[in-house]
Amino acid sequence: MKSLRALHVGLRLAATVLIGLLAMTASGVQAGDGLRIATAYKLMTLDPHYANLNENTSLLSQIYERLVFQDEELQLQPGLAVGWEAVSTTSWMFKLRADVRFHDGSPFTAEDVVYTVERIRDQLKSPSGGYRSYVSAIKSVSVVDPLAVVFKTDGSVPNLPLALSSVFIMKKPVQGFATTEALNGGMAPNGTGPYRFEGWASGEYLQLAANTDYWAGAPAWPDVTIRVIESPAARVAAITTGEVDVADALPARDVAALKKRGVKIASVGAARINFLQFEMESHTLPGVTDKAGAAIANPFRKLAVRQALALATDRGILVDKILAGYGTAAAQVFPNGLPGTSDKLLPIAPDVTTAKKLLAEAGYPDGFRVLLAGPAGRYPGDSESLQAITQNWARIGITVEPQAVPFSVFNTKRAAGEYGLWYGGASGEAVDIILDALLASPDKARGTGALNFGHYRNATFNAMLSKAESIEAGPVRDAALADATEFVMADLPIIPLYHFHHVTGYGPRIGAYLMHPRGWTTAMQAEPAQE
Amino acid sequence: MKAIVLRILLQRPGLDRTAGLFRLRLRAGGSQIVLAAFVLVAILAPLISPQNPYDPLQVLGWDASSPPGTVGSGGYAYILGTDGLGRDILSTIFYGLRISLVVSIVSSLAAAMIGLAAGVTAAYFGRWIDAVIMRLVDLQLSLPTILVALIAIVTLGPGVDRIILALIIVQWAVYARMVRGVALSETRKSYMDAAQLLRMPTLRILLRHLLPNSIAPALTLLPIEIGHAIALEATLSFLGLGVPLDKPSLGSAVANGFQYLMTGQYWISLFPGLALLCLVASINFVGDDLRRRLDPRSAAR
Amino acid sequence: MYWATIASGRLAQAALLLLAMSLIAFIGIHSIGNPVFNVVNIETATAEDIRQATTALGLDQPVWKQYFLFLSNIVRGEFGTSYIYHQPAVDLVLGKLPATLELAVFAMLVAAPVGVGLGLLAGRNEGSAFDRVVLRFCVLVASVPSFWLSMMLILGLAVLAGWLPSGGRGDSMLAFGQEWSVLTGDGLRHIILPALALALPNIALICRLARAGTIEVQGQEFTRFCRAKGLSARRILMRHTLPNISIPIVTIIALQFGGMLAFAVVVETIFAWPGVGKLLIDSIQLLDRPVVMATLTFVAVAFVTLNALVDLLYAILDPRVRLS
């Protein structure tokens, strides 16, 4: 019966411990000098070339740097390269920054650039393969002098500097190449960035310390702790209670309450779009029937139907109610004002009467039934949008069955052609990259149409787009891209819904937080408050 | 009202004798009345709700997130406010009750019947039949509920009927294990030997003797499992695997409200949450009561 | 010999269980969707990227081939590499184990004594006001879905009152080669809320069981005999009642502990607690099959071990029970 005595003792012990713990809770949260960030981005690997996902790149950009980086206006700025120029139609010369040192003290030279490109292109067998597309057009890289490299390309690649703005430069090892396994386990990441790697746990936290030898001067924070908190509610709670100084990807609906509690908010329209996309090639569609449930021909092939649906969609509800004002009604792939956008394209105002008329003219006076698929919890307002559109379209007689499923399931089914209509999202470095993926005809050789699951084909648009892409970066190229966008949007191959805003909250220890439309979260964006 | 409660809890053929016994003994307690009220509201939902929250034409997006008491553009007051899409919370509770009750009761009853059959079969035949069934039960109970439900729902596709199926798959093993234990001790009693000696047909022994005598544990488990099923459906909804988006159950109404918990829009999750709590609690209280009556020892007292 | 027979029986059972479970989970995950869409950036990847990734992950093979490959790797003790994190799946699971272990132990250390204590007292005073309050409390707590309970705890104690952190694991300390957060003050503050959310339903469960057992035992001859003998109420309770009700309680504690280890999915998700349960639900949603399989195997092993322990305890607590 010893177990009983143990139980008895245990009971008393537990009570004592509990009381002690409750007493401890009275003490407040202590804060050091360091910056504490709560992020939704789960850092999955320390290999900067392993997967082309914001989840990795955002946090790794504190440790590693690129030759060129995109500023808040999405304009290219010198990073590890101080200048670049096209020396011929098929070669680019990049001048490198002098006196840059890696965290291990070794100098940054042209050899490292060559190594980086070769590592991605030839050596790394990453299943995601995401970075290979940025360097696939590079035929060779050669060292001109320790601070200059020349890239030779297959044909003309006017946006090579943009492609390189995604590529993190790694230190060339004495021999061989650094494997992903080595980088993830033990081998400290060695970059040139403002913060040095201190420690991490995959999907949990990343610990950084200031790189006091940073070429642009020592960074603002002596150390940085980044905690991965995937639950939005938990991030909201963490910034509310002051456990962290910065919390990213906050739900817009929580902003009002956060402001009331003294949390400051920074936001910016995301360089991305959420839209509805139709299957436009096949003549019959899964999930589309008449009101009685009998199969009908694909209604989305008719422009009048697409116009009617666009007119029936009330973006005001999406932006003002669902995104609580932290969103912009969309008319094209990037928010108006960013390079390559057209200022003539404005969001379509809802007009139920005209929509009904168009629908009747197209041969659907009684409307039809349609399954609207979308991912659940992937983008701000995704599943809510499905339901708001259900309400909108009911007013012109279209019965929508909204269906939100996990992102991977959504992608599997979409790729398998099981959907006729869906809600999707697209992002990229520039307008042309989204246009290429989303609206250009699927073409393996050109690498276009990866997101064109609707099989939209428009030869005139393809030609306009490739012509614009052959122009070197600048206002002329941007104007040509805007023209192409205007042309294709008139045909409504997608119904643009909104550009959500990236919303970040910050506490009293932060003076200002500079938002980036690509949605990055870094310590460099947080400026300490003046004491 | 008593009759409603009983019919819901004891809807099963072959139970009339037992049910009659209880009908005599049932007295109206507080939880019985609450539960009956819930059932009544669920049945009458279309008649007493100010809005049909499942009709996209009646839900007005611009009225989204109205606080309790707001008079909406439909001309009627949102007594408990609206959710993030403009659905009247009160109406959502009424309609959600129906789905939650139907899903949980149907799935629990079906699971109980399957479990009963499996448990009695395992106990009576023993040997490899017992081994196979019980290994299946072990397997079932060692897999995470959420994984079973996820796989079931994704493979089957979305929809209320699929959720019921998923909940049956999740629940049957509990009954099977419990019933087998009781049935096993019953098979060792002398009346079973007598039945076998009399060369009664196996099916007859199973149905007329073993089953009625092993039914008590399944019955006591039923209310608890109905409560579990409601909570489980709510949890599935919380993880994004529940009932269809545009037809929220009580559980998914609560889950929807969680996103708004820290926004000050407390009403979206609070009221459906309280309704859910009262519903499950009243089921559990009524279940406790039933169990006390069922227990032969306490009955003898 | 006796013990060896039991052990080998258990092992065979466990192996069978593992095999069946792995097959179901494998096919289940396969039917859900293609993990390749979580590996590449779907918004930028080309069809060629997707094809290459599919080959690199071995997903271009037929399912049965993939399954046999998986089995043969298991025999060699390899669960494969996570699709998403590109780390050995076993390392990922083991890395999350301390967090889950300390949460579950902590929660059970609260739940077991409190639940047993309340149950004994309530059962001894059956029908009293105290008993009714305890009973009502138990039913109410058991009626709350755990995600609602967790959020209410966060809202009340973290957001409104500001006493405790709302989520995460807090500072940890290195011991036995792993990071443990219960060893630091900050870590302790972080563990209270999730542990409470896990403990409350278990308190209710254990309490009800203890109460029912106490009532039953008190109606039996030997308790009356004890009372007639003039033993103090306290002595009867601790020395005679408790041992007699301990079997179901030990069972439920062990089973619930196993459940906490693996299925604290909801609580771990809401409190951003980086444990095995959260890893499992994340991996399922990301279709990270190697990690799902490794986690499930761990769960099954934990269950079988716990069940064996329960049987062992049975034998110790109740000499009448013989293992078979």
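Contact is taken here to mean heavy atoms within 4.5 Å. By this criterion, 18 residues of chain B are in contact with 27 residues of chain A in the structure, which is a predicted model. The model scores ipTM 0.74 and pTM 0.81.

Confidence was examined chain by chain. Chain A has a mean pLDDT of 87, with 93% of its residues at 70 or more. Within chain A, helix H1 (residues 2–24) has the lowest confidence, at a mean of 47, whereas strand E11 (residues 246–247) has the highest, at 96. The pLDDT is below 50 over residues 1–7 of chain A, a stretch that has nine contacts in the model beyond near neighbours in sequence. Residues 15–31 of chain A also stay under 50, and for them the model has 16 contacts beyond four places in sequence.

For chain B the average pLDDT is 77, and 83% of the residues score at least 70. Confidence in chain B is lowest in helix H1 (residues 2–9), at a mean of 31, and highest in helix H4 (residues 89–125), at 90. Residues 1–28 of chain B have a pLDDT below 50, and this stretch makes 39 contacts in the model beyond near neighbours in sequence. Over residues 297–301 of chain B the pLDDT is again under 50, with five contacts beyond four places in sequence. Where pLDDT is low, the predicted coordinates should not be read in detail. Chain C averages a pLDDT of 79, and 91% of the residues score at least 70. Its confidence is lowest in strand E1 (residues 173–175) of chain C, at a mean of 65, and highest in H5(C), at 88.

The domain assignment divides chain A into domain 1 (15–263 + 507–528) and domain 2 (272–501). The C-alpha centres of these two domains of chain A lie 32 Å apart. Between them, 14 residues of domain 1 are in contact with 18 residues of domain 2. The area buried between the two domains is about 1200 Å², with carbon and sulfur atoms giving 56%. On the side of domain 1, A:Leu74, A:Pro158 and A:Ala252 lose the most area to domain 2, together 35% of what that side buries. One salt bridge is counted between the domains. A:Arg253 forms a salt bridge with A:Glu384, with the closest N and O atoms 3.2 Å apart. The side of domain 1 that touches domain 2 comprises six nonpolar, four polar and four charged residues.

The interface of chain B with chain A buries about 2100 Å², of which carbon and sulfur atoms give 63%. B:Trp62, B:Leu245 and B:Met262 supply 32% of the area that chain B buries against chain A, more than any other three residues. By class, the side of chain B that touches chain A has 13 nonpolar, three polar and two charged residues. The count of salt bridges between chain B and chain A is zero, while nine residue pairs (both at pLDDT 80 or more) are in polar contact.

Between chain C and chain A, 62 residues of chain C are in contact with 62 residues of chain A. These chains bury about 4900 Å² between them, 60% of it on carbon and sulfur atoms. Two salt bridges are found across the interface of chain C and chain A. A:Glu204 forms a salt bridge with C:Lys96, the closest N and O atoms lying 3.0 Å apart. Two residue pairs (both at pLDDT 80 or more) are in polar contact between chain C and chain A. Several helices of chain C each supply at least two residues of the side that touches chain A, among them helix H5 (89–124), helix H8 (185–218) and helix H10 (233–263). H5(C) gives the most to this side of chain C, with eight residues. By class, the side of chain C that touches chain A divides into 37 nonpolar, 17 polar and eight charged residues.

How values were computed:
Residues are numbered from 1 along each chain as its sequence is written. Chains are lettered from A and ligands numbered from 1 in the order in which they are written. This is a predicted model: local features need pLDDT of at least 70, side-chain atom pairs count only at pLDDT 80 or more; totals for chains, interfaces and linings use all residues. Side-chain values use heavy atoms; hydrogens and water are left out. Buried area is the accessible area (1.4 Å probe) that two parts lose on being put together, summed over both. A salt bridge is a side-chain nitrogen of Lys or Arg within 4 Å of a carboxyl oxygen of Asp or Glu. A polar contact is a pair of N or O atoms within 3.5 Å; within protein, one must be able to donate a hydrogen and the other to accept it, and residues adjacent in sequence count only if both atoms are side-chain atoms. Ala, Val, Leu, Ile, Met, Phe, Trp, Tyr, Cys and Pro count as nonpolar, Asp, Glu, Lys and Arg as charged, and the others, Gly among them, as polar. pLDDT is the predictor's confidence in each residue, from 0 to 100. Helices (H or I, at least four residues) and strands (E, at least two) are DSSP runs, numbered from the N terminus. Domain bounds come from an automatic or database domain assignment.
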